[in-house]
Amino acid sequence: MNILAHAYLSGDDEGLLIGNFIADFIKGNPGHPRHGLSVAVQRGIWLHRQIDQFTDHHPLVEEMRILVRPRCHKYAGAAIDVFLDHFLAIHFTQISGRPLTEFVPAFYQFLKNHRTQLPDAAWRMAGYMMQHDWLTNYQFLEGIDRSLKGMARRTAFPSNLDTAIEDLNDNYASFEEYFHRFFPELQQHVRDFQGMNPPVL
């Protein structure tokens, strides 16, 4: 899953929101003293990793990757993460009961209010995200295409992500059906995680 899903699945818990957003910038055990993170933020990082692990190993997501793998090869998963955020964006009100145009500005403001708790690299990404309003634009195919092209420029090897929008267009109804089957299972997994103690390394 991509940024929008991670933010939405954190709910209204500030620690989960921060941890979920900065997780990709924290290596190893988030509880290590070098990170200086609160227990609440550490739990958000564990949640982020749980979401990614569940998504990466889900058979429905693998079926989605199969449709993209001939083009994107090992980067198929990256494309699917963006596709899933697209369908979350267009169905956001139905799923959350809250308009996307209300949720996104509130999330951006939250990040600004907690800037001091974000690593510099995470804050730089947040700046680009807010400047170009990535999350609102996920509901539009043009926004998804821009996101994929931006990812293609940052990959270490040729990824073909810059043309992956063609696979989304060609298989749009199938991807949407996969999303509606998969996302409720992910939501249940997140609810289950909330009742668990995070791992200790």
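Contact here means heavy atoms within 4.5 Å. With that in hand, welcome to a set of close-ups of a predicted model.

View 1. Asn20 sits in helix H2. Its relative accessibility is 2%, so Asn20 counts as buried. Setting aside residues up to four places away in sequence, Asn20 touches His6, Ser10, Gly44, Ile45, Leu47, His48 and Ile51. Look out for His6 in particular: the side chains of Asn20 and His6 make a polar contact of 2.8 Å.

**View 2. Helix H3 and what its buried residues pack against.** From its first C-alpha to its last, H3 reaches 26 Å with 18 residues, close to the 26 Å expected at 1.5 Å a residue. The buried residues of H3 are Val41, Gln42, Arg43, Gly44, Ile45, Trp46, Leu47, His48, Gln50, Ile51 and Thr55. The buried residues of H3 pack against H1, H2, H4, H5 and helix H12 (172–194).

**View 3. The largest pocket and its lining.** This pocket has a volume of about 830 Å³. Its lining is made of 29 residues, and Asn2, Ile3, Trp134, Met151 and Arg154 lie nearest the centre. Helices that give two or more residues to this lining are H1 (3–9), H2 (14–22), H3 (39–56), H5 (76–90), H8 (120–132), H9 (134–137) and H10 (141–154). H10 gives the most, with seven residues. By class, the lining of the largest pocket divides into twelve nonpolar, ten polar and seven charged residues.

View 4. How far apart are the end C-alpha atoms of H10? They are 20 Å apart, and this agrees with expectation because 14 residues at 1.5 Å a residue should span 20 Å. The buried residues of H10 are Gly143, Ile144, Ser147, Leu148, Gly150, Met151 and Ala152. Met151 is also one of the residues nearest the centre of the largest pocket. The cover over the buried residues of H10 includes H5, H9 and helix H11 (165–170).

**View 5. The second largest pocket.** Here the volume is about 260 Å³. The lining has 13 residues, and those closest to the pocket centre are Gly11, Asp12, Leu17, Arg98 and Phe103. Two or more lining residues come from each of H1, H2, helix H6 (92–96) and helix H7 (100–113). H7 supplies the largest share, four residues. The lining of the second largest pocket has eight nonpolar, two polar and three charged residues.

View 6. Leaving aside neighbours within four places in sequence, Phe103 is in contact with Leu4, Ala7, Tyr8, Phe92 and Arg98. Arg98 is itself among the residues closest to the centre of the second largest pocket. For a sense of distance, Phe103 and His189 are 22 Å apart in space, C-alpha to C-alpha, and 86 residues apart in sequence.

**View 7. Two loop residues with positive phi.** Most residues other than glycine have a negative phi. His73 is not a glycine, yet its phi is positive, at about 55°. You will find His73 in the loop between helix H4 (59–72) and H5. Asn160 is not a glycine either, and has a positive phi of about 60°. Asn160 lies in the loop between H10 and H11, and its relative accessibility is 37%, so Asn160 counts as partly exposed.

**View 8. His32 in the loop between H2 and H3.** This last stop is a residue in the loop that joins the two helices. His32 has a relative accessible area of 36% and is therefore partly exposed. C-alpha to C-alpha, His32 and Met125 are 24 Å apart in space, and they are 93 residues apart in sequence.

Methods:
Residues numbered from 1 in each chain as written. Predicted model: local features only at pLDDT ≥ 70, side-chain atom pairs only at ≥ 80, totals over all residues. Heavy atoms only, no water. 1 Å grid on protein atoms, 1.4 Å probe; cavity = no way out; pocket = protein on both sides within 12 Å on 5 of 7 lines; lining within 4 Å. Points joined across faces, edges and corners; volume = space filled by probe spheres on them. Nonpolar A, V, L, I, M, F, W, Y, C, P; charged D, E, K, R; others polar. Buried < 20%, exposed > 50% of the residue type's maximum accessible area, 1.4 Å probe, protein only. Polar contact = N/O pair within 3.5 Å; in protein donor to acceptor, adjacent residues only side chain to side chain. Expected span 1.5 Å × (residues − 1).
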